[in-house]
Protein chains: 2
Amino acid sequence: MTAKLCFDDLPVGTIFEGGNVTVSADDIKRFAAQFDPQPFHLDEKAAEATFFKGLAGSGWHTSALTMRLITEALPIAGGLIGAGVDELRWPNALRPGDTLRIRSEVIEARLLKSRAGMGLVRFRVTTLNQKDEAVQEMIPNLFAPTRAAVSASLAGA
Amino acid sequence: MTAKLCFDDLPVGTIFEGGNVTVSADDIKRFAAQFDPQPFHLDEKAAEATFFKGLAGSGWHTSALTMRLITEALPIAGGLIGAGVDELRWPNALRPGDTLRIRSEVIEARLLKSRAGMGLVRFRVTTLNQKDEAVQEMIPNLFAPTRAAVSASLAGA
């Protein structure tokens with residue numbers, strides 16, 4: 001079992017990198033058919049005449065794939081429980097054949113006054129393709145328990 | 001064919017409502033297995049002992065379902081092309097059996113100086129369950145062409 005990360009392991013400036021996952025045209029169309037059925041996400045031919053000039057993945061597909069990479073790269077104790085995301089951006093479209101990885105940096109970390117043993121950590125998470133282009137940037141806020149709280153909880157279990 | 005919405009149709013204060021989509025436990029587990037494989041999204045029993053006290057959908061599943069509802073309720077001319085999202089929040093978890101709908105309000109609308117015939121519209125989109133609880137709130141920014149630009153483009157096609 002992988003050691004889990006606690007608040008203590010996440011000072012400002014800490015960087016986590018991880019990946020990869022490769023996306024096919026079929027993956028893009030399958031996600032779009034279910035969640036974002038627009039011509040530029042569904043059909044190569046129809047996509048040519050649009051803003052994207054070719055098949056492009058839904059931004060929410062990029063977000064979902066990024067979450068997958070975060071679960072692998074950032075195993076926070078108790079699970080990844082978010083207090084929301086700020087500034088979600090898709091600077092470049094997701095394309096068929098793209099291989100994605102993430103780069104996460106802690107940009108703020110503070111203990112909660114309202115809840116003993118719990119911290120809130122703010123990350124900048126950039127999702128990059130194989131050409132080092134950012135396909136997504138976001139600033140999620142995640143809860144992270146202190147090591148002392150995790151140890152106490154294990155002792156009490 | 002549904003009439004498409006232009007910038008002209010989206011003054012501040014305009015409200016769009018739509019839905020619904022119902023989510024099963026299997027839907028929640030299938031999405032999680034692919035994109036967010038954590039115990040509280042994958043297994044009822046394992047979820048009991050977690051923060052969520054029962055099976056809960058990934059926040060990104062809620063986002064993807066919301067996008068589906070937006071494509072139905074907000075048919076903007078040229079497609080829904082986003083310039084990112086601010087303040088994505090999940091005030092309540094997505095639960096098995098939930099039926100979701102959305103309420104969208106235009107909170108800002110401006111023509112772009114950098115691109116003739118194109119506007120940028122800022123919405124507050126709230127995703128509600130059958131108990132009128134918000135399962136997601138977000139502020140997306142979407143491009144919307146003016147009616148004049150759409151007419152000119154159709155005339156030139």
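Mentor: Here is a walk through the interface first, then the sheet, strand by strand.

A word on the ground rules: this is a predicted model, so local features need pLDDT of at least 70 and side-chain atom pairs count only at pLDDT 80 or more, while totals for chains, interfaces and linings use all residues. Residues are numbered from 1 along each chain as its sequence is written, chains are lettered from A and ligands numbered from 1 in the order in which they are written, and side-chain values use heavy atoms, with hydrogens and water left out.

Let's start with who touches whom. Counting contact as heavy atoms within 4.5 Å, 32 residues of chain B meet 32 residues of chain A. The buried area between the chains comes to about 2700 Å², and carbon and sulfur atoms give 65% of that; buried area here is the accessible area (1.4 Å probe) that two parts lose on being put together, summed over both. Look for Phe35(B), Trp60(B) and Arg68(B): they supply 25% of the area that chain B buries against chain A, more than any other three residues.

Now the polar side of the interface. The rule finds 14 residue pairs in polar contact between chain B and chain A, both residues at pLDDT 80 or more. A polar contact is a pair of N or O atoms within 3.5 Å; within protein, one must be able to donate a hydrogen and the other to accept it, and residues adjacent in sequence count only if both atoms are side-chain atoms. The elements of chain B that give two or more residues to the side touching chain A are helix H1 (25-35), helix H4 (59-73) and strand S2 (82-89). Helices (H or I, at least four residues) and strands (E, at least two) are DSSP runs, numbered from the N terminus. H4(B) gives the most, with eight residues. By class, that side of chain B has 18 nonpolar, eight polar and six charged residues, where Ala, Val, Leu, Ile, Met, Phe, Trp, Tyr, Cys and Pro count as nonpolar, Asp, Glu, Lys and Arg as charged, and the others, Gly among them, as polar.

Two salt bridges run between chain B and chain A, taking a salt bridge as a side-chain nitrogen of Lys or Arg within 4 Å of a carboxyl oxygen of Asp or Glu. In one of the salt bridges, Asp86(A) meets Arg89(B) at 2.7 Å, N to O. Over all chains the count comes to 20. Arg101(A) and Asp132(A) form a salt bridge too, their closest N and O atoms being 2.7 Å apart. That pair links distant parts of the chain, with Arg101(A) in strand S3 (residues 99-111) and Asp132(A) in the loop between S4 and S5 of chain A, 31 residues apart.

Next, the strands. S2(A), residues 82-89, pairs with S2(B) in the antiparallel sense over two bridges; strands count as paired if DSSP finds at least two bridges between them. Here Val85(A) stands opposite Leu88(B), and Leu88(A) has Val85(B) as its bridge partner.

Step back and you get an open sheet of 10 strands with antiparallel pairing, in the order S1(A)-S3(A)-S4(A)-S5(A)-S2(A)-S2(B)-S5(B)-S4(B)-S3(B)-S1(B). The edge strands are S1(A) and S1(B), each spanning 15-22 and each pairing on one side only.

Inside chain A, S2(A) and S5(A) run antiparallel and are joined by four bridges, with Arg89(A) partnered by Glu137(A) in S5(A). Glu137(A) also stands opposite Thr126(A). S4(A), residues 118-128, and S5(A), residues 134-145, pair antiparallel over nine bridges.

Over in chain B, S1(B) pairs antiparallel with S3(B), residues 99-111, over seven bridges, and Ile15(B) has Glu105(B) as its partner in S3(B). S3(B) then pairs antiparallel with S4(B), residues 118-128, over 10 bridges, where the partner of Ser104(B) is Val125(B). S3(B) and S4(B) form a hairpin with six residues between them, and Gly117(B) in the turn has a positive phi of about 80°.
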